[in-house]
Amino acid sequence: SGINADLTEICQRACKLAIRQNIEADIKRQRERDNTGGTEAMDFDDVDLVPEITKEHFEEAMKFARRSVTDNDIRKYEMFAQTLQQSRGIGSGFRFPAQAGAAGTQPAPESNNMFQNENDDLYA
């Protein structure tokens, strides 16, 4: 779908930016080593040679992002999500009943126990 392709493009661009930045740092380190004649021992234990993708890489990638989903598609999705939320009652304050023996809770009175008769047939 369009949204997945958009996200994939952003992630790939951020990854490429991180790799490119790491290559540039490697070239700089090599030039510094060449300028010193290679006589100074470089402490490579302090250098992480694995590129790290940071927030800045994603922010830069977002500057070039193209949106393939139209405003109309977004409105349709928002209306569908709202309809689904209303039909399912999401956010209606659902709570699980208190469990007997749970820390800081009291067992529910027998009259409120929805599992009073374990032999109830669901299909009767």
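These notebook entries record what I looked up in the predicted model.

**Basis.** I worked with a predicted model in which local features need pLDDT of at least 70, side-chain atom pairs count only at pLDDT 80 or more, and totals for chains, interfaces and linings use all residues. Residues are numbered from 1 along each chain as its sequence is written, and side-chain values use heavy atoms, with hydrogens and water left out.

**Confidence.** I looked up pLDDT, the predictor's confidence in each residue from 0 to 100. The chain averages 76, and 65% of the residues score at least 70. Helices are DSSP runs of H or I, at least four residues, numbered from the N terminus.

**Glu9.** I found Glu9 in helix α1. Glu9 is buried, at a relative accessible area of 17%; buried means under 20%, exposed over 50%, and partly exposed in between, with a 1.4 Å probe and protein chains only. Leaving aside neighbours within four places in sequence, I list Phe64 and Arg66 as contacts of Glu9, contact meaning heavy atoms within 4.5 Å.

**Arg13.** Arg13 is also placed in helix α1, and I recorded it as partly exposed, at 31% relative accessibility. With neighbours within four places in sequence set aside, Arg13 is in contact with Ala61 and Phe64. I noted that Arg13 and Glu60 are 47 residues apart in sequence, with 8.7 Å between their C-alpha atoms.

**Ile27.** I located Ile27 in helix α1 (residues 2-35). Ile27 is partly exposed, with a relative accessible area of 41%.

Technical notes:
Helices (H or I, at least four residues) and strands (E, at least two) are DSSP runs, numbered from the N terminus.
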